[in-house]
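Here are some notes on the ligand site and the pockets, written for a reader who will want the cut-offs beside the values.

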Amino acid sequence: MPYNFKTEMNKPERLTGGHRMCAGCGAPVAVRGVLRALKPEDEAVICSATGCLEVSTFLYPYTAWKDSFIHSAFENAGATISGVEAAYKALKRKGKIKDNYKFIAFGGDGGTYDIGFQSLSGAMERGHDMVYVCYDNGAYMNTGIQRSSATPKYASTTTTPLGDESSGKVQGKKDLSDIMVGHNIPYVAQTTFMGNFKDLHEKSEKAIYTPGAAFLNVLAPCPRGWNYSPEKLMEICKLAVETCYWPLFEVINGEWKLSYKPKNKLPIIDFLKKQGRFKHLFKEENKHLLEEIQNDVDLKWERLLKKCGEV
Ligand SMILES: Cc1ncc(C[n+]2csc(CCOP(=O)(O)OP(=O)(O)O)c2C)c(N)n1
């Protein structure tokens, strides 16, 4: 069925209100967007690695999740949900479970790019029928904004603080979506929130209903760590896409496909200047750092266009 914003928004939420995530946080928006793609008649088992999402939505004895929810440790959401999927398959074969279940893991970038990486990689390689969703806010936010391998270059974090000798994080961001493509799984996509959530919805639907392992990387800004005011969430996501900092693409059975090509690619400063974590880059003496970031974005964008057969 073609995407209809109104129909989708009128579906009952599977992550309820009243949780404790910050105003202006991208993670619950990402979660709702993904879960909305579930058919109402399908059940789901959801697992979340430790992180802001888990600690703020699942405080025993309270839960904001309408579906079954497992809090796993930081390092093993991939292993946990893949084990549940394997058990389900066995029980289904024996006729002990009638309902249809889907298996979805959520993790922040700390729990995905770094600490849970081995269990994610194993689950994907084994080809479990599951979706792993990374809500990428670019740092270990829950414990006080420490840098992760998803933190972009020159971002200020509590472990890459600014000073006479430091302009923020020294290393660039790991390209996790590319690494997941290297697992030869049927579906990998990169998305965020744009306008009417169509991109997030359609990719979530494909990820959930493509048999086998799927990975979604969702850019999910953090108002505390990125230092923006809550109402700017959607604007920042849009700028991430329009500047090609966070291109939207999908890889279906190894075929790269660009989902959106900006009509006028905006300069990266439009994205950076909205966020306090990059404020220092706008000092006169740091102009060369901005140029370096722009060159890096351009290079990666050109490479992506080639992979997608756009040039
Ligand atoms: C093995 C392990 N190391 C460290 C921690 C402490 N810890 C809990 S949440 C968290 C940060 C989570 O970061 P991320 O996965 O990026 O999610 P976010 O909090 O940003 O949503 C850390 C370091 C832990 N629970 N387990």
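1. How many residues surround the ligand, and which are the closest? The shell holds 16 residues, and the closest are Gly110, Gly111, Tyr135, Met141 and Asn142, where a residue counts as near if one of its heavy atoms lies within 4 Å of the molecule. This is a predicted model, in which local features need pLDDT of at least 70 and side-chain atom pairs count only at pLDDT 80 or more, while totals for chains, interfaces and linings use all residues. Residues are numbered from 1 along each chain as its sequence is written, and side-chain values use heavy atoms, with hydrogens and water left out.

2. Polar contacts are pairs of N or O atoms within 3.5 Å. A polar backbone atom of glycine 111 is 2.8 Å from an oxygen atom of the ligand, and a backbone N or O atom of asparagine 142 also lies 2.8 Å from a ligand oxygen. From tyrosine 135, a polar side-chain atom lies 2.7 Å from an oxygen atom of the ligand. On its own the ligand has 590 Å² of accessible area, of which the protein covers 75% (Shrake-Rupley method, 1.4 Å probe).

3. Helix 5 (residues 109–114) gives the largest share of the ligand shell, 3 residues; helices here are DSSP runs of H or I with at least four residues, numbered from the N terminus. By class, the shell has 6 nonpolar, 8 polar and 2 charged residues, with Asp, Glu, Lys and Arg counted as charged, Ala, Val, Leu, Ile, Met, Phe, Trp, Tyr, Cys and Pro as nonpolar, and the others, Gly among them, as polar.

4. The largest pocket has a volume of about 570 Å³. A pocket is an open set of points on a 1 Å grid over the protein atoms alone, where a 1.4 Å probe fits, with protein on both sides within 12 Å along at least five of seven lines, and lining residues have an atom within 4 Å of a point; the volume is the space filled by probe spheres set on the points. Its lining has 30 residues, of which Lys173, Asp175, Tyr245, Asp296 and Lys300 lie nearest the centre. The elements giving two or more residues to this lining are helix 7 (176–181) and helix 12 (287–307), and helix 12 provides the largest share, 9 residues.

5. The second largest pocket has a volume of about 240 Å³. Of its 14 lining residues, Met1, Glu8, Lys11, His201 and Glu205 are the closest to the centre.

Definitions and conventions
A polar contact is a pair of N or O atoms within 3.5 Å; within protein, one must be able to donate a hydrogen and the other to accept it, and residues adjacent in sequence count only if both atoms are side-chain atoms.
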